[in-house]
Amino acid sequence: MTSPQDQPTSAQSLTILTDRGHPLAASVYYPASSTTDVITENTSIEKTATENKHSPKAAIMIAPATGIKRQFYHNFASYLAEQGFGVISFDNEGISESLTCPIAKCDASLISWGRHDLPAVLDALQAEFPDSSYHLIGHSAGGQLIGLMANHADLSSVVNVACSSGRIKNMDMPYKAKAMAFMDAFIPASNLALGYTPADKIGMGEPLPRGVSRQWRQWCNGAGYIKTAFGDTVHTHFYDDISLPALWLNFTDDDIANSQNVDDMLRVFPKMHAEKRMMTPSEFGLDEIGHMKYFSSKTHAKAPQLWQLAVDWINEHAD
């Protein structure tokens, strides 16, 4: 299932096979207290992995936003490891190093990410760090899709950052106009012409398989995000069952995950024990945080208490 290899960073590369036979590129971060030795050979890598399996305070999977590759979360994941956690970050199928065919032929979707990718990563987290408690930190779509995870009950808690329904109707101008142009013009036109959505050309992460961008468009044009697909393309889900404790961190300058859209998404998780925090960047001496900058090392340097919120939550809910 996994194959660690040395990397020129503090992370070790990992390949995770989903139940539909697709390999996901991932990175594993071992707790800092157990990674002081320099790893130079495969034997020492295996030894270090074995020694670390029982050492973390808790184990965390970082579920990425739509089209965002795992390197974006490297500094945050490294910080979590420094705090004594085991961590796995990954690229969803069809994104960055998890794209294994021409993107126009990739049949990944938001549904497959939630139903196949997220559960496989949680399985890998459990295999890499047995006898631990398991937690998910979701960024945007990474938190939206957990209701498709058949193994969600193995999680002890969730931290969702900038997570909401992303409903376009609830956005304010002028961002609403930009979102409509992207969703209702750029996505269908590029999917028709190219067979995928080159979101990278307009600063929206990595290129997206057409199934991903098509569902993204459909769900953001309706209420409740994935709820618009219930009974249509989604017949089995666990949104009604999830009762995990969850911390939702959102920011007033986020044009996407505004308060209305956060509440819209929370209604899809009727049993979730959610604590919603809508924060203002100026509270932390910052000019902006928005949808993406919570994970920035520059943000952390100026406001270290933001990352500490996630650490404190997981410490509180670690078994």
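Q: Which helices each supply at least two residues of the lining of the largest pocket?

A: The model here is a predicted one. To read a pocket, one may begin with the elements that form its lining. In this case α4, α5 (175-194) and α6 (210-220) each supply at least two lining residues of the largest pocket. The largest share, five residues, comes from α5.

Q: How much space lies in the largest pocket, and which residues are the closest to its centre?

A: The largest pocket holds about 680 Å³ of space. Its lining is made of 32 residues, and those closest to the centre are Tyr175, Met204, Ile256, His291 and Met292. Sorted by class, the lining has 17 nonpolar, nine polar and six charged residues.

Q: His291 is among the residues closest to the centre of that pocket. Where is the place of His291 in the chain, and is it buried or exposed?

A: A single residue is read by its place, its accessibility and its contacts. His291 is found in the loop between β10 (273-279) and α8 (297-302). His291 counts as buried because its relative accessibility is 14%, and the cut-off for buried is under 20%.

Q: With which side chains does the side chain of His291 make a polar contact?

A: One partner is the side chain of Asp254, at 2.8 Å. Another is the side chain of Ser140, at 3.1 Å. Not counting residues up to four places away in sequence, His291 touches His139, Ser140, Ala162, Asp254, Ile256 and Ala257. Ala257 is 34 residues away from His291 along the chain, yet their C-alpha atoms are separated by 7.1 Å.

Q: What can be said of the phi of Ser140?

A: As a general idea, most residues other than glycine have a negative phi, and most peptide bonds are trans. Ser140 has a positive phi, near 55 degrees, and is a residue other than glycine. Asp131, which is not a glycine either, has a positive phi of about 60 degrees. Asp131 lies in the loop between α3 and β5. Asp131 is exposed, because its relative accessible area is 67%, and the cut-off for exposed is over 50%.

Q: Which residues does a cis peptide bond join?

A: The residues are Met173 and Pro174, with omega at about 5 degrees. Pro174 belongs to the loop between β6 and α5.

Q: How many cavities of 30 Å³ or more does a search of the whole structure find?

A: A pocket is open, whereas a cavity is a space from which the probe cannot get out. Here the search finds one cavity of 30 Å³ or more. The volume of the largest cavity is about 40 Å³. Its lining is formed by Ala63, Pro64, Asn92, Trp113, Leu118, Ala141, Gly142 and Leu145. By class, six of these are nonpolar, two are polar and none is charged. Both α3 (110-128) and α4 (141-144) supply at least two residues each to this lining.

Q: How far does helix α9 reach from its first C-alpha to its last?

A: Helix α9, residues 305-317, reaches 18 Å over its 13 residues, close to the 18 Å expected at 1.5 Å a residue. The buried residues of α9 are Leu306, Trp307, Leu309, Ala310, Val311, Trp313, Ile314 and His317.

Q: How many helices and strands are there in the protein, and what share of its residues count as buried?

A: The protein has nine helices and 10 strands. Of its 319 residues, 55% count as buried. Among contacts with a separation of 6 or more, 70% are between residues 24 or more positions apart.

Note on methods:
Residues numbered from 1 in each chain as written. Predicted model: local features only at pLDDT ≥ 70, side-chain atom pairs only at ≥ 80, totals over all residues. Heavy atoms only, no water. 1 Å grid on protein atoms, 1.4 Å probe; cavity = no way out; pocket = protein on both sides within 12 Å on 5 of 7 lines; lining within 4 Å. Points joined across faces, edges and corners; volume = space filled by probe spheres on them. Helix = DSSP H or I, 4+ residues; strand = E, 2+ residues; numbered from the N terminus. Nonpolar A, V, L, I, M, F, W, Y, C, P; charged D, E, K, R; others polar. Expected span 1.5 Å × (residues − 1). Buried < 20%, exposed > 50% of the residue type's maximum accessible area, 1.4 Å probe, protein only. Contact = heavy atoms within 4.5 Å. Polar contact = N/O pair within 3.5 Å; in protein donor to acceptor, adjacent residues only side chain to side chain.
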